[in-house]
Amino acid sequence: QIAAGMADVQALVARLRGLDAGDHADAAAALARQSEADPSLRAPIADAGALPLLIALLRSTDTRAQAHAAEALCALAVDKDLRPRIVDLGAVPALVALLISGTAEGKAWTAGTLAWLARDAPTRTLIVGAGALVPLVALLRSGTEKGKSNAVSAIAMLSEDALNRALIVDAGVLPPLITFLSSSGVYSHTAAGQNACTTLRNLAAHAQLRELVKGYGAVGILAAAAHASDCVSADKARATLRALCPTQDDAERALGTQHLEIDVLRTEADKCFESLALLAGPVAAGHDVKFHGKDGEKIGCSRLLLLHASPYYRALFSNGTVESESGVVKPDKGFSSAAHLALLGQLHALGNAPLPAELDGRLELLCLAVKVRAPSGGADDTAARVLERCDRAVRKSLFADNCLAVLLRLKPYAAELAGLVDAAHAVMTKYVVEVVEQPMWLEFKQNYPESALGIMQDVAIKQAGVITASASADPSDAELS
């Protein structure tokens, strides 16, 4: 049988070398099956010269050949002695390229291969440096069931390296990982549930990342899993909970809650976000970014949290910028230190911190959010969420006595805040007679004469309508009324 197996290996490797490109995919698939069925054949397959041929197939134009080559490499990478050989032959860049552009099946097998290769600590740095994190998170978000499970496995192994943890969070792993963890059926698969828990436990070793994980609702999900009778990863869930809740009281409270109501979960999340927001404030030893306000006030904050929350600050702190080297930022002079502090707190808390209580504070925060929002306004841009929350809050508070103040503050941003500006105009038109009597009306006329003229014409039309209606009224009707 051994001799027959070796003969098959030699024949399959010869087919990989052959000129018939259509046969390459079938040969790679057969090698994958042999590697999985008989672990003793893995080393002979490699010794027969299969590794460079399979790695070359990763770059083939035949998507089926690509997928089966990744499948074969995944099976071979189970052998710890073969992993360095696979890496040394240049597999990692080819695998990352396939992870980005391959088919669903190809991506799934590629993630599995990277998960095995990442068991070797030196290779983790190579995988992250090749740009694997973002496509792994994308696969976790929208891949097949196998693709998601393999992506979680790869991310879990990469998170074993402390230097990778902030980068993993910055790649956007938390929302899809928490969703994956809470999805139906995950805990019936030992490896998937345990790898998700491993990732969260590793991230929780970093205090700021721990609060982010808790803020996304992981405590409630893990507590439910820890008590589920059909959860094969219950022990892992409990261990992860203890990492997220390092004090004994917090851990006991989380583990002792079997049926968490949604309002309780929301309260816990709010507390976490509040803690994150308070990390921005007077400069302290733990701050690695400092904002020097125009009024002399200095605000300290976390570079890690800013990079996670804002494309604007990711660009500002990119390699080679003055800010990336010094850690010092000169805020926009058009805004107060209070507004910058409010925005930094929101960025720390992913846009979930309480808004300023006063209308003026909300308006200034709104305008500052416009300045730092990315043009695309993607899901990873917290400034866009802050803008939306401020917009809704200001709309709800619009009335005759404040619509002028809103318009004066927002007019310079009329293009970006057209909907809110229109809403303020509508309120002004409705209460125009009262508005033109306000002291702030003079400032509005001076700054925006054309708008003021249009409003005055509305006043004249309304007053003319009242006079006409009064003059045409039937006296007998008045007496009857």
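A crossing of two helices is left-handed if the near helix is turned anticlockwise from the far one by less than a right angle, and right-handed if clockwise. Helices (H or I, at least four residues) and strands (E, at least two) are DSSP runs, numbered from the N terminus.

This is a predicted model: local features need pLDDT of at least 70, side-chain atom pairs count only at pLDDT 80 or more, and totals for chains, interfaces and linings use all residues. Residues are numbered from 1 along each chain as its sequence is written, and side-chain values use heavy atoms, leaving out hydrogens and water.

**Stop one: a helix pair.** Select α4 (residues 50-57) and α5 (residues 63-76). Their crossing is left-handed. Now show side chains. L51, L54, I55 and L57 in α4 meet A65, Q66, A69, A72, L73 and L76 in α5 (contact means heavy atoms within 4.5 Å). By class, this contact has nine nonpolar, one polar and no charged residues (Ala, Val, Leu, Ile, Met, Phe, Trp, Tyr, Cys and Pro count as nonpolar, Asp, Glu, Lys and Arg as charged, and the others, Gly among them, as polar).

**Stop two: the sheet.** Four strands form an open, mixed sheet in the order β1-β3-β2-β4. Strands pair if DSSP finds at least two bridges between them. β1 (281-282) and β4 (328-329) stand at the edges with a single partner strand each, so one side of each has no neighbour in the sheet. Next, select β2 (residues 289-292) and β3 (residues 298-301): they pair in the antiparallel sense over four bridges. H292 stands opposite K298 in β3.

**Last stop: confidence.** Colour by pLDDT, the predictor's confidence in each residue, from 0 to 100. The chain mean is 83, and 84% of residues reach 70 or more. Over residues 257-266, pLDDT is below 50.

Note on methods: Axes are lines fitted to C-alpha atoms, for helices over the stretch in contact, and angles run from 0 to 180 degrees between N-to-C directions.
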